[in-house]
Amino acid sequence: MTERIYYNDSYQTEFRAHVLESLEDGRRLYLDRTAFYPASGGQPHDTGCIDNAMVTDVIEEEDGRIAHVLSTPVEHSDVNCRIDWVRRFDHMQQHSGQHLLSAVLMELFSVETLSFHLGDAASTIDLSVASLEPEQLRAAEARANVIVFENRPLAVEFRDASENLELRKPCERQGKLRIVNIEGLDRSACGGTHVRSTGEVGAVLIRRLEKMRGNLRIEFLCGMRAVRRARLDYEALAEISRSLSASLDETPTLIAVQLRRLNESEKARHRLSIELARMEGAALHDATEPGPDGVRRVSRTIAQGPIDDNLRALAQGFTSRNKAVFAAFVEEPPSLLVAVSAATGLHAGNLLKSLLAGAGGRGGGNAQLAQGSVSSREALERIRGELNG
Ligand SMILES: [Zn+2]
């Protein structure tokens, strides 16, 4: 069995090991001892190098063996190993921060942690509650940071599962357990890598919340991740506040005001554009010569649909005057609109139905205005010919 150096010392980055087995032409090694953490318990694997090869994956196999997957073959029977400390320490901060946050949420609100995931950008904890109030989250974040400042020891001990271990979360494993202990706060069974005192976790920052089938997922960042994220957040907010010529703290209110104004002016613009289309329709009526039967007819072709309020308003403006028929043919999606004035004695809805009947289209309307769609441009062309001929 491989000796797991990280069980007793998460800070050892370099070690020498003997190769117990080599597979895949020296690209998959099993060692007598390792400091490489394999992906498990929500924490990703370490990277680093074995001799001159890069370690690209570390896998805990079902029988408990640890496979080191390499970029290039290694042929020696004794090897020099080094883990990527920047990546490892970041993982130790996020993972220890998770113990801290989970403990604080239990302490303050009796909220249980169901699972943990340490991601590339952010980490998440799934909680056994449907929601938390913003002030509860602020309180948990503040309490976690206070414990960081207190720099409490965070120690590992091995105890037998049969003892009274007073764990935050009961552990179903039997035999020897690895207990991670935050002084005066938390005891959890865990095989991951942790810092040795809470001060090393650095800042703890809770961010997004997401509801997940009756549970709550909270996203958090610790250490340098929290600092980097706070910097990005500041820069984004500063750019927005600059463009609004407002202070950072005034920005959210100002944006709400601007959005309301934008909404109002969009409604006003829509109203005016409909009014304008109606007037254009009426002017078009005046500029159109009546046919021998005294009916003024206009047929429009429009390349791109859909039929919208403006087109309907234009048609209604045109047919609001004496004896008028307005038709519009939209090529994409193939559709048409028919409007008639009452003085023609025609019924737009019935007229449209009779036009669509031969073309297999769908649609309807009232006496003055109707619209419908057909399956193809060819069908649309046939209807146009029928109406204009
Ligand atoms: Zn842990």
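Which residues of the largest nonpolar core touch the most other members? In this core of 29 residues, they are Leu 100, Leu 101, Val 104, Ala 144, Val 204 and Phe 220. A nonpolar core is here a set of buried Ala, Val, Leu, Ile, Met, Phe, Trp, Tyr and Cys residues joined through C-beta atoms within 7 Å. A residue is buried if 20 or more other C-beta atoms lie within 10 Å of its own, exposed if 12 or fewer, and partly exposed in between, with C-beta atoms placed from the backbone. The structure is a predicted model, in which local features need pLDDT of at least 70 and side-chain atom pairs count only at pLDDT 80 or more, whereas totals for chains, interfaces and linings use all residues. Residues are numbered from 1 along each chain as its sequence is written.

Helices (H or I, at least four residues) and strands (E, at least two) are DSSP runs, numbered from the N terminus. H2 gives the largest share, 6 residues. A second, separate core has 27 residues, including Phe 318, Leu 351, Leu 355 and Ala 370. In soluble globular proteins, nonpolar side chains tend to be buried together.

Strand S18 (residues 335-340) is largely enclosed by the rest of the structure, because 6 of its 6 residues are buried. Ser 335, Leu 337 and Ala 339 point one way from S18, while Leu 336, Val 338 and Val 340 point the other way. In a regular strand the side chains alternate between the two faces of the sheet. S18 pairs in the antiparallel sense with strand S17 (residues 324-332) over 6 bridges; two strands pair if DSSP finds at least two bridges between them. Ala 328 stands opposite Leu 337, and 2 residues lie between S17 and S18 in the hairpin that they form. S18 also pairs in the antiparallel sense with strand S20 (residues 369-373), over 5 bridges, where Ser 335 stands opposite Ser 373.

The loop between S17 and S18 holds Pro 333, which a cis peptide bond joins to Glu 332, with omega of about -10°. Another cis peptide bond joins Gly 305 and Pro 306, with omega of about 0°. Most residues other than glycine have a negative phi, and most peptide bonds are trans. Glu 24, in the loop between strand S2 (14-23) and strand S3 (28-31), has a positive phi of about 50° although it is not a glycine.
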